[in-house]
Amino acid sequence: MFNKLSKRGFCTAISSRPWLFVGLGNPGEKFRGTRHNVGFEMIDVFAESVGIPMNRIHCKAVFGEGFVGDIPVFLAKPQTYMNLSGESAGPLAAYYKLPLNRVLVFHDDMNLPCGVLRLRHNGGNDSHNGLKSVIYHFRGNREFARLRIGIGRPPGQMDPKAFLLQKFNNTAQERIDTALQEGIGALKLLLSLGLSETARHFNHEQKYKHIRLQTMPT
């Protein structure tokens, strides 16, 4: 596929510079469908929607590459386990010589209600171990974009680690399924309009969803 990308003018026109989308999660069947793995789920549904097969291993990640319109896109699910995600994301960005403003990381976020999304240009690690690892392997540089996928907060005194590794109940899963479809639309818009314009429109829409969902139980 890399040869095909080269033949189509890979990295030539500014308007068609490639993007790297990295979904964070844990590999293995026992983690499938857990809250901590929504980054993987976002990669999977987006890949299916645009017809990019996730069919090889590259830089310690399940990997796919293709075009969305004229834009080259690389998709990755690090297989290092969450806390070492940067061991995959760092080498991938370096291998393709991508500036970090062309890297977008998908991750779960307990600070957003379940099913609410946010696009950010940059930011800290938000106490997220996967993000901590990615930032470390980007040599401390935080200037990469994130798609935050809200999973809500643990109830009562529940251990956050246990909460992250639980599967969604039916109500929460419905919200996540809806959110993933909204995420597909946002990502396609990003590839067409760019991050700033997309974030402005998308985050405005999600703000009202946040207000509606923040007091609803899951």
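This is a predicted model: local features need pLDDT of at least 70, side-chain atom pairs count only at pLDDT 80 or more; totals for chains, interfaces and linings use all residues.
Angles over 145 degrees count as roughly antiparallel, so the label follows. I noted the hand as well: helix 6 passes helix 7 in a right-handed crossing.

Next I listed the residues at this contact. Helix 6 brings Arg175, Thr178, Ala179, Glu182, Ala186, Leu189, Leu190 and Leu193. Helix 7 answers with Leu195, Glu197, Thr198, Phe202, Gln206, Lys209 and Leu213. Sorted by class, the contact of helix 6 with helix 7 holds eight nonpolar, three polar and four charged residues.

**Helix 2 against helix 6**

I then turned to the packing of helix 6 with helix 2. Helix 2 (residues 38-50) meets helix 6 at an angle of about 55 degrees, and their axes are 9 Å apart. The two are therefore oblique to each other. Here too I logged the hand: helix 2 passes helix 6 in a right-handed crossing. From helix 2, the contact uses Val38, Glu41, Met42, Val45, Phe46, Ser49 and Val50. From helix 6, I wrote down Gln173, Ile176, Leu180, Gly183, Ile184, Leu187, Lys188 and Leu191. The class count for helix 2 with helix 6 is 10 nonpolar, three polar and two charged residues.

**Gly23**

Where does Gly23 sit? I found Gly23 in strand 1 (residues 19-23). I left aside neighbours within four places in sequence and looked for its contacts. Gly23 touches Gly39, Phe40, Ile43, Ala76, Lys77, Pro78 and Phe106. I also checked one distance from Gly23. Its C-alpha atom is separated by 18 Å from that of Gln166, 143 residues apart along the chain.

In helix 4 (residues 129-137), I marked Gly130, Leu131, Ser133, Val134 and Ile135 as buried. What covers these buried residues? The cover includes helix 3 (86-95), strand 5 (103-109) and strand 7 (145-150).

I looked at backbone angles around this helix. Asp126 lies in the loop between strand 6 (117-120) and helix 4. Asp126 is not a glycine, yet its phi is positive, about 50 degrees. With a relative accessible area of 35%, Asp126 is partly exposed. Ser127 is in the loop between strand 6 and helix 4 too. Ser127 also has a positive phi, about 60 degrees, without being a glycine. Is Ser127 buried or exposed? At 63% relative accessibility, I put Ser127 down as exposed. Just after helix 4, Arg139 takes a positive phi of about 60 degrees.

**Cysteines**

How many disulfides does the whole structure hold? My search found zero. Cys59 is partly exposed, because its relative accessibility is 23%. Cys114 is buried, because its relative accessibility is 4%.

Methods. Residues are numbered from 1 along each chain as its sequence is written. Side-chain values use heavy atoms; hydrogens and water are left out. A crossing is left-handed if the near helix is turned anticlockwise from the far one by less than a right angle, and right-handed if clockwise. Helices (H or I, at least four residues) and strands (E, at least two) are DSSP runs, numbered from the N terminus. Contact means heavy atoms within 4.5 Å. Ala, Val, Leu, Ile, Met, Phe, Trp, Tyr, Cys and Pro count as nonpolar, Asp, Glu, Lys and Arg as charged, and the others, Gly among them, as polar. A disulfide is a pair of cysteine sulfur atoms within 2.5 Å. Buried means under 20% relative accessible area, exposed over 50%, partly exposed in between (1.4 Å probe, protein chains only). Axes are lines fitted to C-alpha atoms, for helices over the stretch in contact, and angles run from 0 to 180 degrees between N-to-C directions. Angles under 35 degrees count as roughly parallel, over 145 as roughly antiparallel, 65 to 115 as roughly perpendicular and the rest as oblique.
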